[in-house]
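Welcome, and take a moment to turn the model around before reading on. The paragraphs below will lead you through it step by step.

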Amino acid sequence: MQTFKKSKPNMVSAGKKLSKITLVVSMMFLGFGEKASAQNNPDERTITINMSSSELLPADLIIFNVNINAEAETPQEAYRVHKERESLLAKLLKQNKIEEEDIDYEPIRMNKVSANYRNQDDSKVTRTNQSVSLTFSDFSIYEKIQVALIENGFDSFNGQFSSTEISKGKEQALISAIESAKKKAELIAKTSGVTLGKVQTINYSDHQIGIPQKSSLMSMEAMRSDASMMDFSQTVSVTANINISFNIE
């Protein structure tokens with residue numbers, strides 16, 4: 001039986017990116033007028049910019065999540081069935097040459113559950129559960145793996161697109177958000193007749209949108225008689241959100 005090893009997928013930096021930027025601006029002026037100036041610290045006068053920037057990346061990976069489960073009247077029987085399915089999955093991964101570094105998994109979980117929910121039967125059964133996550137770039141094996149799993153009693157799995165450029169995409173989205181926030185703050189300060197000062201605070205977060213967006217590109221192979229949706233290029237989106245407060249003079 002194959003031994004699973006937990007590791008993180010490698011990230012490769014390459015490719016062309018498309019950007020879109022959304023903006024929410026909030027501005028607070030404190031200390032204007034003689035009375036206000038006497039009561040407020042000038043350092044509290046700020047312009048705050050909330051900026052979001054997204055990068056579209058080529059989808060060149062599939063993350064496939066498989067849930068191994070079994071149910072039986074006794075813990076021993078449930079565990080036996082579970083190990084059979086685990087062994088079958090391990091063999092399937094070897095046959096499709098999925099490397100150990102592209103496999104993440106959790107330990108087996110076992111618990112007692114009611115055997116009959118509707119009739120409120122007091123009898124119990126043992127249920128097992130184990131999550132396995134696979135990452136691969138060969139899209140052609142995606143459907144084959146699913147068919148093999150269904151044929152062997154698996155009933156819980158799903159896949160999503162990802163990219164080897166996620167790390168660089170997040171970095172570029174952050175740079176774009178910061179640059180756009182600074183330009184917007186300079187515009188507001190100039191238009192308002194004040195001078196933009198140093199950065200006072202920065203808050204930042206990023207995330208990946210799991211659902212891919214449709215790409216404007218299409219593989220020529222999609223015109224074949226045996227074409228499938230996997231022939232169409234897809235993209236995934238990563239977004240950086242930034243909140244910057246600038247002092248104003």
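**A walk along the chain**

Read along the sequence, the protein chain runs in the order β-α-β-β-α-β-β-β-α-β-α-β-β. That gives four helices and nine strands, where helices (H or I, at least four residues) and strands (E, at least two) are DSSP runs numbered from the N terminus. This is a predicted model, in which local features need pLDDT of at least 70 and side-chain atom pairs count only at pLDDT 80 or more, while totals for chains, interfaces and linings use all residues. Residues are numbered from 1 along each chain as its sequence is written, and side-chain values use heavy atoms, with hydrogens and water left out.

How confident is the predictor? Its confidence in each residue is given by pLDDT, from 0 to 100. The protein chain averages a pLDDT of 76, and 69% of the residues score at least 70. Two stretches call for care. Over residues 1–40 pLDDT stays under 50, and the model has 91 contacts for them beyond four places in sequence, a contact being heavy atoms within 4.5 Å. Over residues 212–225 pLDDT also stays under 50, with 24 such contacts. Where pLDDT is low, the predicted coordinates should not be read in detail.

Now for the chain as a whole. Of its 249 residues, 35% are buried; buried means under 20% relative accessible area, exposed over 50%, and partly exposed in between (1.4 Å probe, protein chains only). The chain exposes about 15200 Å², and carbon and sulfur atoms supply 51% of that area, as found by the Shrake-Rupley method with a 1.4 Å probe, where for residues only the protein chains shown count as cover. Among contacts between residues at least 6 apart in sequence, 81% join residues at least 24 apart.

Next, look inside. In soluble globular proteins, nonpolar side chains tend to be buried together. A nonpolar core here is a set of buried Ala, Val, Leu, Ile, Met, Phe, Trp, Tyr and Cys residues joined through side-chain atoms within 4.5 Å. The largest such core has 26 residues, of which Phe64, Leu89, Ile98, Leu134, Phe136, Ile145 and Leu149 touch the most other members. At least two residues of this core come from each of strand S3 (61–72), helix H2 (75–95), strand S6 (124–136), helix H3 (140–151), strand S7 (157–162) and strand S9 (234–248). H3 gives the largest share, five residues. Take Leu134 as an example: beyond its neighbours within four places in sequence, Leu134 is in contact with Ile62, Ile63, Phe64, Leu93, Ile98, Asp102 and Ile103. Another core lies apart from this one, with 13 residues that include Ile47, Met51, Ala177 and Phe246.

Rings of Phe, Tyr and Trp (its six-membered ring) pair if their centres lie within 6.5 Å; planes under 30 degrees apart count as stacked, over 60 as edge-to-face and the rest as tilted. A search of the whole structure finds three aromatic pairs. In one of them, Phe64 and Phe157 have ring centres 5.8 Å apart and planes at 55°, so the pair is tilted. This pair links distant parts of the chain, with Phe64 in strand S3 and Phe157 in strand S7, 93 residues apart. Phe64 is buried, with a relative accessible area of 0%. Phe139 and Phe161 also form a tilted pair, 5.6 Å centre to centre with 50° between the planes. Here Phe139 sits in the loop between S6 and H3, while Phe161 is in strand S7, 22 residues apart. Phe64, Tyr142 and Phe157 form one aromatic cluster.

The 27 residues of H4 (residues 166–192) should span 39 Å at 1.5 Å a residue, and its end C-alpha atoms are 39 Å apart, which agrees; the expected span is 1.5 Å times one less than the number of residues. Buried residues in H4 include Ile166, Gly169, Ala173 and Ala177. After H4 comes Gly193, whose phi is positive, near 80°. In strand S9 you will find Thr239, buried with a relative accessible area of 5%. Thr239 and Glu171 are 68 residues apart in sequence and 9.6 Å apart in space, C-alpha to C-alpha.

Terms used. pLDDT is the predictor's confidence in each residue, from 0 to 100.
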